[in-house]
Amino acid sequence: MRIALIGYGKMGHMIENIATKRGNEVVATVDYVSPDAKYIVKSSQEGADVISQVKPDVVIDFTHPDEAFNNIKAFLPLGMPIVVGTTGWTSRLKEVEELVKQHNNALFYAGNFSFDRIYDYLIAQNIDYMSPFCEEYRS
């Protein structure tokens with residue numbers, strides 16, 4: 001799979017390492033300030049220009065909440081699915097849902113990609129359902 005990484009900080013480096021070990025190709029590392037990113041950009045639109053040139057199969061965003069929304073907005077029209085690991089932007093989720101529909105594209109996001117966090121979330125969502133089966137539990 002051809003991957004473009006937007007945000008080349010700690011998480012971007014980790015994703016690149018894991019992706020290449022699994023046989024994927026990181027075709028672009030894009031950042032606003034990271035000196036070791038392949039592409040240094042000044043705006044989401046410049047990032048979109050890079051993405052359209054390298055033609056990845058997927059775009060992965062680990063940036064900053066303010067940047068993430070602008071990146072999503074700039075990248076959705078390009079037609080590549082987007083994975084967003086950035087947190088703190090979901091106050092604009094309704095806008096993003098409309099943009100995804102408008103551009104007939106795909107976007108996956110999660111506040112925390114850790115299996116433990118996702119598992120905890122699922123338990124919390126179902127605790128009231130499970131409580132009758134646990135005599136020690138009192139809500």
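This is a predicted model: local features need pLDDT of at least 70, side-chain atom pairs count only at pLDDT 80 or more; totals for chains, interfaces and linings use all residues.
Leaving aside residues up to four places away in sequence, Val59 touches Ala4, Ile6, Ile51, Phe75, Met80, Pro81, Ile82 and Val83.

**Stop 1: the nonpolar cores**

What is the setting for Val59? Val59 is among the residues with the most contacts inside the largest nonpolar core, together with Ile51, Phe75 and Trp89. That core has 25 residues. Colour the chain by helices and strands, and you can see who contributes: E1, E2, helix H2 (44–54), helix H3 (65–75), strand E5 (82–84) and H4 each supply at least two residues. Which element gives the largest share of this core? H3 does, with five residues. In soluble globular proteins, nonpolar side chains tend to be buried together.

Next, select Ala19, Val26, Ile60 and Phe62. These are included in a second, separate core, this one of eight residues.

**Stop 2**

How many aromatic pairs does a search of the whole structure find? The search finds one, and you are looking at it: Trp89 and Tyr109 form an edge-to-face pair. Their ring centres are 5.3 Å apart, with 70° between the planes. The angle counts as edge-to-face because it is over 60 degrees.

Trp89 lies in the loop between E5 and H4, while Tyr109 is in strand E6 (residues 107–109), so the pair ties together parts that are 20 residues apart in sequence. Tyr109, at 34% relative accessibility, counts as partly exposed.

**Stop 3: a charge over a ring**

Select Arg92 and Phe69. Arg92 lies over the face of Phe69, at 3.6 Å from the ring centre.

**Stop 4: salt bridges**

How many salt bridges does a search of the whole structure find? There are four, and this tour visits some of them.

Begin with Arg2 and Glu25, whose side chains meet in a salt bridge at 3.5 Å, N to O. The pair links distant parts of the chain: Arg2 is in strand E1 (residues 2–6) and Glu25 is in strand E2 (residues 25–31), 23 residues apart.

Then move to helix H4 (residues 93–102) and select Lys94 and Glu97. In their salt bridge, the closest N and O atoms are 3.8 Å apart. Both residues lie in H4, three residues apart, which is about one turn of the helix. Lys94 counts as exposed at 65% relative accessibility, whereas Glu97 is partly exposed at 33%.

Finish with Glu98 and Lys101, whose side chains meet at 4.0 Å, N to O, in a salt bridge. Why are they about one helical turn apart? Because Glu98 and Lys101 are three residues apart in helix H4. Glu98 is partly exposed at 48% relative accessibility, and Lys101 is exposed at 63%.

Technical notes. Residues are numbered from 1 along each chain as its sequence is written. Side-chain values use heavy atoms; hydrogens and water are left out. Helices (H or I, at least four residues) and strands (E, at least two) are DSSP runs, numbered from the N terminus. Buried means under 20% relative accessible area, exposed over 50%, partly exposed in between (1.4 Å probe, protein chains only). A nonpolar core is a set of buried Ala, Val, Leu, Ile, Met, Phe, Trp, Tyr and Cys residues joined through side-chain atoms within 4.5 Å. Contact means heavy atoms within 4.5 Å. Rings of Phe, Tyr and Trp (its six-membered ring) pair if their centres lie within 6.5 Å; planes under 30 degrees apart count as stacked, over 60 as edge-to-face and the rest as tilted. A charge sits over a ring if NZ of Lys or CZ of Arg is within 6 Å of the ring centre and within 35 degrees of the ring normal.
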